[in-house]
Amino acid sequence: MSYQREWEELSAIKGELAERDWFMGTSGNLAIKAGSAPGAFLVTASGKDKRKRTAEDFLLVDLDGNPLEETKLKPSAETLLHTHIFKRSQAVCSLHVHTVANNVVSELYGDQGQITFKNQELIKAFGKWGQDDELIIPIIPNYADIPTLASTFSHHVDEDAGAVLIRNHGITVWGRSGFEAKKLLEASEFLFQYQLSLLSLKSTVQLQS
Ligand SMILES: CSCCC(=O)C(=O)COP(=O)(O)O
Ligand SMILES: [Zn+2]
């Protein structure tokens, strides 16, 4: 079973996200469908420092998250979220990172269960090109029980590309290619940083008036 191309593609994405320092404290996990092995995908090994590039960064698992090859590595503790994405959509790649911006936004808007962006150019990354289009990113509770977290998450996987915030935890995005998944992740993080900067500067202006 050859998945060298997918391995290299996911490794390149992982390296770019590592350059942004988006894998703090071993957080984050990435997955990509292994085209040559139908129903299988590569997922980051659990608990590793994702800023490092090694021969043990990923392992091949089936659509239930079970390793398909002899290994001492454990698949990501959050592999179930990736399995739901690949079972419920035509997505090829899914990315999960914890950033300060996505965590703060998820807490600020967590009670509303979503954050909505409008009149912000970067929502076009999600295909929202209309004058009045809105980007809505759901926010779900961070259940410690992974099957419960994954089941709650799966209710929001109804398109081949998308994003879901997990409150005080991180974001998971997915797309029809590694390129699209990374584009959506970068756009989401831009929008979160934009929103936090806007709120901060607005409160500063109010204090000064
Ligand atoms: C210290 S991060 C806690 C686990 C987590 O949320 C994560 O994203 C990384 O877990 P993994 O098993 O994929 O390393
Ligand atoms: Zn996580």
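**Close-up views: helix packing and a zinc site**

**View 1. Helix α3 crosses helix α5 in a left-handed sense.** A crossing is called left-handed if the near helix is turned anticlockwise from the far one by less than a right angle, and right-handed if clockwise. Welcome to a predicted model, in which local features need pLDDT of at least 70, side-chain atom pairs count only at pLDDT 80 or more, and totals for chains, interfaces and linings use all residues. Residues are numbered from 1 along each chain as its sequence is written, chains are lettered from A and ligands numbered from 1 in the order in which they are written, and side-chain values use heavy atoms, leaving out hydrogens and water. Here α3 (residues 100–108) packs on α5 at an angle of about 65 degrees, with the axes 9 Å apart. Axes are lines fitted to C-alpha atoms, for helices over the stretch in contact, and angles run from 0 to 180 degrees between N-to-C directions. Helices (H or I, at least four residues) and strands (E, at least two) are DSSP runs, numbered from the N terminus. On the α3 side, Ala-101, Asn-102, Val-104, Val-105 and Leu-108 touch Glu-189, Phe-192, Gln-193, Leu-196 and Leu-199 of α5, where contact means heavy atoms within 4.5 Å.

**View 2. Helices α1 and α5 pack with their axes 10 Å apart.** Their angle is about 15 degrees, which makes α1 roughly parallel to α5 (angles under 35 degrees count as roughly parallel, over 145 as roughly antiparallel, 65 to 115 as roughly perpendicular and the rest as oblique). This crossing is right-handed. Glu-9, Ile-13, Glu-16 and Leu-17 of α1 meet α5 residues including Phe-179, Lys-182 and Leu-185.

**View 3. Helices α2 and α4 cross at roughly 30 degrees.** Their axes come within 9 Å, and the two helices are therefore roughly parallel to each other. The crossing is right-handed. Among the α2 residues in the contact are Leu-81, His-84 and Arg-88, while α4 contributes residues including Ile-146, Leu-149 and Phe-153.

**View 4. The zinc ion (ligand 2) sits in an octahedral site.** Its protein donors are Glu-78 (OE), His-96 (NE2), His-98 (NE2) and His-169 (NE2), at 2.1 to 2.7 Å; donors are N, O and S atoms within 2.8 Å of the metal (3.2 Å for Na, K and Ca), and water is not among the atoms, so sites may look incomplete. The angles among the six donor atoms run from 72 to 174 degrees, and six donors count as octahedral if opposite donors are over 155 degrees apart and all others between 65 and 115.

Terms used
Tetrahedral: all angles 85-135°; square planar, octahedral: opposite > 155°, others 65-115°.
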